[in-house]
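Work through the following exercises with the coordinates open beside you.

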Amino acid sequence: LKYYGDSWTTVLTDADPETRFEYHRFTGGKALGTRHESQATVSWYVPADAAAGTYRLKYYGDYTKRVAVVGSKTKAFEGTSGDFSVVA
């Protein structure tokens with residue numbers, strides 16, 4: 001996202017070659033109640049001709065919470081980086 005005056009505008013998506021997404025899943029085993037955790041890393045390799053300005057990275061994902069009796073529930077979430085500057 002790039003900040004233009006009073007709003008954030010999408011300039012790239014995960015389909016662009018400058019963006020990277022890495023996902024790792026960590027598991028504690030198969031026993032009931034064992035925690036499973038994931039880590040996602042979103043990166044942007046800033047091209048030399050990128051416009052100067054203030055940017056953020058935003059990620060949309062889903063997580064699954066296991067519930068012993070019901071099974072599991074999947075919910076959407078989003079994460080946003082702090083602001084960062086690209087200078088010319």
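**Exercise 1.** Which residues form a nonpolar patch on the surface, and with about what accessible area together?

Solution. This is a predicted model, in which local features need pLDDT of at least 70 and side-chain atom pairs count only at pLDDT 80 or more, while totals for chains, interfaces and linings use all residues. Residues are numbered from 1 along each chain as its sequence is written, and side-chain values use heavy atoms, with hydrogens and water left out. A patch is made of residues with over 30% relative accessible area and no salt bridge, where like charges are joined within 9 Å and nonpolar side chains (Val, Leu, Ile, Met, Phe, Trp, Tyr) within 5 Å; a salt bridge is a side-chain nitrogen of Lys or Arg within 4 Å of a carboxyl oxygen of Asp or Glu. The patch consists of F21, Y23 and V42, which together have about 280 Å² of accessible area (Shrake-Rupley method, 1.4 Å probe, only the protein chains shown counting as cover for residues).

**Exercise 2.** Locate V42 and Y59 among the strands, classify their accessibility, and list the contacts of Y59.

Solution. Strands are DSSP runs of E with at least two residues, numbered from the N terminus. V42 belongs to strand β4 (residues 36–44), and Y59 to strand β6 (residues 58–67). Buried means under 20% relative accessible area, exposed over 50%, and partly exposed in between (1.4 Å probe, protein chains only). V42 counts as partly exposed because its relative accessibility is 31%, and Y59 is partly exposed because its relative accessible area is 23%. Not counting residues up to four places away in sequence, Y59 touches F21, A40, V42, F77, E78 and G79, a contact being heavy atoms within 4.5 Å. For Y59 and G79, 20 residues apart along the chain, the C-alpha atoms are separated by 5.1 Å.

**Exercise 3.** Is K2 buried or exposed, and how far away is the nearest side chain of opposite charge?

Solution. K2, found in strand β1 (residues 2–4), is buried yet has no salt bridge, and D6, the nearest side chain of opposite charge, is 12 Å away (Lys and Arg count as positive, Asp and Glu as negative; His and the chain ends are not counted). The K2 side chain does reach the backbone oxygen of A52, at 3.4 Å. Leaving aside neighbours within four places in sequence, the contacts of K2 include W8, V11, A52 and Y55.

**Exercise 4.** How many helices and strands does the protein have?

Solution. The protein has 0 helices and 8 strands, where a helix would be a DSSP run of H or I with at least four residues.

Definitions and conventions
Polar contact = N/O pair within 3.5 Å; in protein donor to acceptor, adjacent residues only side chain to side chain.
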